[in-house]
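Morning, everyone. Have a look at the model first.

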Amino acid sequence: DHGWHLGDHNLWCKHTNFEVAARAPMIFSAPGQKHPGAKTDALAEFVDVYPTLCELCGLPIPEGLEGTSLAAVMEVPDRPWKTAAFSQYPRGKVMGYSMRTDRYRYTEWLPRNGGDPVARELYDHQEDPQENVNLADRPENRQLVAKLSRQLQAGWQAAKPKD
């Protein structure tokens, strides 16, 4: 299960785009697994569960799924994998679209009826794993924000692992 805000970020709730609410442990075990108990830093999403179970059970993976089977990560836990994981959650009249890379969490808040972002958030998990300092509006991060915005807009298809 994912976490609960207990006053952090002035929130008392379970559902947000912050790491504490968007991150959850994912544990798989399969007969014949080469590395039982191995851990990985590979980015994974809940949409990956179904295709993973299909592959582990020898069933065809249906076309059109957004998820990617994690069986290859179970085979080689340190292999290169997705470049980002995505989440979204509303806040009032805006929808927050968030992306977690190996280092950053980047979020854009968009009006539900369309338009440009009304706010952005950028957190550097190497320097600030609790996501306390929003770096998005700092001039020195302008290029990084533009790059992450393009990556967010490219979506999950562009973040898929390169086989």
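The lining of the second largest pocket splits into four nonpolar residues, four polar and one charged. Here Ala, Val, Leu, Ile, Met, Phe, Trp, Tyr, Cys and Pro are nonpolar, Asp, Glu, Lys and Arg charged, and the others, Gly among them, polar.

Ground rules. This is a predicted model: local features need pLDDT of at least 70, side-chain atom pairs need 80 or more, and totals for chains, interfaces and linings use all residues. Numbering runs from 1 along each chain as its sequence is written, and side-chain values use heavy atoms, without hydrogens and water.

Who lines the pocket? F86, S87, Q88, Y97, S98, E108, L110, L152 and Q153. Two or more residues each come from β1 (85-91), β2 (94-100), β3 (104-111) and α4 (142-159). β1 gives the most, three residues. A pocket is an open set of 1 Å grid points, over protein atoms alone, where a 1.4 Å probe fits, with protein on both sides within 12 Å along at least five of seven lines; lining residues have an atom within 4 Å of a point.

Now the fold. The chain has four helices and four strands, in the order α-α-α-β-β-β-β-α. Both are DSSP runs, helices H or I of at least four residues, strands E of at least two, numbered from the N terminus.

Last, T68. It sits in the loop between α2 (49-56) and α3 (71-75). T68 is buried, at 13% relative accessible area; buried means under 20%, with a 1.4 Å probe and protein chains only. Beyond four places in sequence, T68 has contacts including W81, K82, K160 and P161. Contact means heavy atoms within 4.5 Å.

Definitions and conventions. Buried < 20%, exposed > 50% of the residue type's maximum accessible area, 1.4 Å probe, protein only.
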